Amino acid sequence: ASSSVIMAEVDQTEKAFQKQDCVFAGAKGKKVRYTRTVGLGFKTPKAAVEGGYIDKKCPFTGNVNIRGRILKGVVVSTKMTRTVVIRRDYLRFVRKYRRFEKRHSTLSAHCSPAFRVKEGDVVTVGQCRPLSKT
């Protein structure tokens, strides 16, 4: 994965001071921003390169690697901050009746501020290491 550093102005919206781990924030004059490509055929969005958000859980600007499974689903809820709930529909075969039954599973996924997601969108999510402490 290649990386690049670009000039950017950072939005401070949280109570704690937000900064990227790999960029020195005290430099006078120019503002720099760390971005990288995650690979797997996914392009880095313009909002990640030119944007002013700080997200340590973003695969393009933070410290998270995409590995493991890549899943597709429909967005059901966007009510949580930077989190989306995704519904995955699938079929399960019942041997007794020799038919399929519809089932679904929901999963919560972190949504980078680089993406504008609304309910009903079909999204692709990638697995990474555990992000929460619990």
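In which loop is Arg82 found? Arg82 sits in the loop between strand E3 (70–77) and strand E4 (83–94). The structure described here is a predicted model.

**Overall make-up**

The protein contains 1 helix and 6 strands. Read from the N terminus, its elements follow the order β-β-α-β-β-β-β. The protein has 134 residues, and 28% of them count as buried. The protein exposes about 10,300 Å², with carbon and sulfur atoms supplying 52% of that area. Among contacts in the protein with a separation of 6 or more, 56% are between residues 24 or more positions apart.

Most residues other than glycine have a negative phi. Arg82 has a positive phi of about 55°, although it is not a glycine. Arg98 is likewise a residue other than glycine with a positive phi, with a value near 50°. Arg98 lies in the loop between E4 and strand E5 (99–110).

How exposed is each of these residues? Arg82 has a relative accessible area of 29% and is partly exposed, because values between 20% and 50% fall in that class. For Arg98 the relative accessible area is 68%, so Arg98 counts as exposed, the cut-off being over 50%.

Conventions. Residues are numbered from 1 along each chain as its sequence is written. This is a predicted model: local features need pLDDT of at least 70, side-chain atom pairs count only at pLDDT 80 or more; totals for chains, interfaces and linings use all residues. Side-chain values use heavy atoms; hydrogens and water are left out. Helices (H or I, at least four residues) and strands (E, at least two) are DSSP runs, numbered from the N terminus. Buried means under 20% relative accessible area, exposed over 50%, partly exposed in between (1.4 Å probe, protein chains only). Contact means heavy atoms within 4.5 Å. Accessible areas come from the Shrake-Rupley method with a 1.4 Å probe; for residues, only the protein chains shown count as cover.
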